[in-house]
Amino acid sequence: MVGTLVGCSTSAQRQADCQAQGISKDTCYLAEQNRQNSINNAAMKQAMENATNATK
């Protein structure tokens, strides 16, 4: 199980890592929001493709 979690991190950890690089809290927050939005958009696109294929 440990092997599957390698590379996984929480939103808070990613933001802390970002801030540790000297990047502002606001910029790190926006980067995390953009990351989450990208993931959600990709999931929505895939769900729509799956729905379209299921109705053919």
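Mentor: Gln15 counts as buried because its relative accessible area is 17% (buried is under 20%, exposed is over 50%, and partly exposed is in between, using a 1.4 Å probe and protein chains only). Before we go on, keep in mind that this is a predicted model, where local features need pLDDT of at least 70, side-chain atom pairs count only at pLDDT 80 or more, and totals for chains, interfaces and linings use all residues. Also, residues are numbered from 1 along each chain as its sequence is written, and side-chain values use heavy atoms, with hydrogens and water left out.

So where does Gln15 sit? You'll find Gln15 in helix H2 (helices are DSSP runs of H or I with at least four residues, strands are runs of E with at least two, and both are numbered from the N terminus). If you skip its neighbours within four places in sequence, Gln15 is in contact with Cys28, Tyr29 and Glu32, where contact means heavy atoms within 4.5 Å.

Those partners take us to the next helix. Helix H2 covers residues 11-20 and helix H3 covers residues 25-54; the two pack at an angle of about 140 degrees, and their axes are 9 Å apart. (The axes are lines fitted to C-alpha atoms over the stretch in contact, and angles run from 0 to 180 degrees between N-to-C directions.) That angle makes H2 oblique to H3, since under 35 degrees is roughly parallel, over 145 roughly antiparallel, 65 to 115 roughly perpendicular, and the rest oblique. The crossing of H2 and H3 is right-handed, meaning the near helix is turned clockwise from the far one by less than a right angle.

Who makes the contact? From H2 come Ser11, Arg14, Gln15, Cys18 and Gln19, while H3 brings Lys25, Cys28, Tyr29, Glu32, Arg35 and Gln36. Sorted by class, that contact has three nonpolar, four polar and four charged residues (Ala, Val, Leu, Ile, Met, Phe, Trp, Tyr, Cys and Pro are nonpolar; Asp, Glu, Lys and Arg are charged; the others, Gly among them, are polar).

Now try Arg14, also found in helix H2. Arg14 is partly exposed because its relative accessible area is 22%. Not counting residues up to four places away in sequence, Arg14 touches Ser9, Glu32 and Arg35. Arg14 and Glu32 are 18 residues apart in sequence, with 7.6 Å from C-alpha to C-alpha.

Over in helix H3 there's Ala31, which is partly exposed at 40% relative accessible area. Ala31 and Cys18 are 13 residues apart along the chain, and 9.1 Å separates their C-alpha atoms.

Finally, zoom out. The protein chain has three helices and zero strands, and buried residues make up 7% of its 56 residues.
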